[in-house]
Amino acid sequence: MLRLPRFTYLEPTSVAEAIRMRTEAGPDAMYVAGGTDLYPNMKRRHQTPATVVSLMRLRELQEITGTPSTGLNVGSGVSLAFLAANATVRQHYKAISHAAEVVSTPLLRNMGTIGGNLLLDTRCNYYNQTYEWRKAIDFCMKRDGEICWVAPSSPRCWAVQSSDGVPVAVALGAEVSLFGPQGGRRIPAAALYHNDGMAYLTKQPDELLIAYHLPPVNGWRASYVKLRRRAQFDFPVLGVAARVDFTEDGTVRDARIVLGAVASYPMEIPEAARAIIGSRLDAAAIAAAADAAFRPAKPMDNTDFTLGWRKEMVRVYVQRALMELSEPQRAK
Ligand SMILES: Cc1cc2nc3c(=O)[nH]c(=O)nc-3n(C[C@H](O)[C@H](O)[C@H](O)COP(=O)(O)OP(=O)(O)OC[C@H]3O[C@@H](n4cnc5c(N)ncnc54)[C@H](O)[C@@H]3O)c2cc1C
Ligand code: SF4
């Protein structure tokens, strides 16, 4: 059995207290929400904070406010299960509820939060292993080692962005608000991520993710499709999120297509969006978008399935994501 290392556990009851505790504990501290990512990582010694500041008693992070016409504000501490079941989210932000309900199992969705999901650590076959396994290969540069086993001559880590929520947040043009010792800021969700398997977040370590802001519903539709081996359990090895804005007559006015699990960050493909803008999202335009997304997608050999097949699936899954938004579906 894998055991947690020893650590000090703090339970603040307000955002201000959480930030103060995190600051006082210094760089060797981390926040924890549901713990479904952090605690397994601590058991494998990927992360070994001396102090863990729990967010579970911060009631102010556990609310959903706003309306579809003004946009929804989802507290970072809202569980994935609650988000997926929320009637307003299900009706007006189906891609969000769907992405939340395809995360792992009910147990993990009950504990796991949307905040933790948006900040999920990047993953790699050579990294998501026990300490002893990693030691046997002399570790890798993401933790304790020098080399990248996926691309040995590479100066960087290529661990994969593996959250279901992230591509949807970016495709929707959602924003996030952060609060830290230096004050607060609100940024586009896309600006939260770096294309780097180690420094994958632009957030400062002591900044708290407060909320996730969904845009007003005004003529756009969105979808999310996920590829994984076991349909009830696994992380995505490919995720495609699409947002399409329609004019009154059903022409595509604007679009955003984002790939998850093919890089260390959510990868937006503007060429794919351009292929459908001005069309009526017909089969030819969808096929052109799928081709455009296929070309730049370069999955690495560090998750499940062969990388050639995963690249082929980009075309198929972009088609599926857009077909969900095309005319016959929209008439439903
Ligand atoms: C077996 C298994 C299968 C899984 N399958 C999937 C899957 O299919 N898809 C998927 O997307 N995820 C999956 N996960 C990962 C995880 O369960 C979810 O992503 C979950 O939403 C993480 O949320 P959490 O609250 O538990 O995060 P935590 O573990 O509490 O935190 C994750 C990270 O975010 C930081 N953090 C959390 N909240 C905040 C905040 N408000 N402010 C600042 N920092 C914060 C923590 O310090 C930590 O670094 C899986 C996990 C396991 C163990
Ligand atoms: S991509 Fe390379 S450095 Fe990054 S976790 Fe995998 S093996 Fe390690």
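**Second largest cavity.** I looked up the second largest cavity, which holds about 70 Å³ of space. On a 1 Å grid over the protein atoms alone, a cavity is a set of points where a 1.4 Å probe fits but cannot get out. Its volume is the space filled by probe spheres set on the points, with grid points joined across faces, edges and corners. I found 13 residues lining the second largest cavity; a lining residue has an atom within 4 Å of a point. Leu120, Gln161, Val166, Tyr193 and Tyr200 lie nearest its centre. By class, I noted 6 nonpolar, 6 polar and 1 charged. Ala, Val, Leu, Ile, Met, Phe, Trp, Tyr, Cys and Pro count as nonpolar, Asp, Glu, Lys and Arg as charged, and the others, Gly among them, as polar.

**Source notes.** This is a predicted model, where local features need pLDDT of at least 70 and side-chain atom pairs count only at pLDDT 80 or more, while totals for chains, interfaces and linings use all residues. Residues are numbered from 1 along each chain, chains are lettered from A and ligands numbered from 1 as written, and side-chain values use heavy atoms, without hydrogens and water.

**Whole structure.** I searched the whole structure and got 3 cavities of 30 Å³ or more.

**Largest cavity.** I read about 80 Å³ for the largest cavity. Of its 13 lining residues, Cys124, Cys140, Cys148, Cys157 and Trp158 are closest to its centre. The lining splits into 11 nonpolar, 1 polar and 1 charged.

**Ligand 2.** What takes up the largest cavity? Ligand 2 does; a molecule sits in a cavity if more than half of its atoms lie within 2 Å of its grid points.

Definitions and conventions: On a 1 Å grid over the protein atoms alone, a cavity is a set of points where a 1.4 Å probe fits but cannot get out, and a pocket is an open set with protein on both sides within 12 Å along at least five of seven lines; lining residues have an atom within 4 Å of a point.
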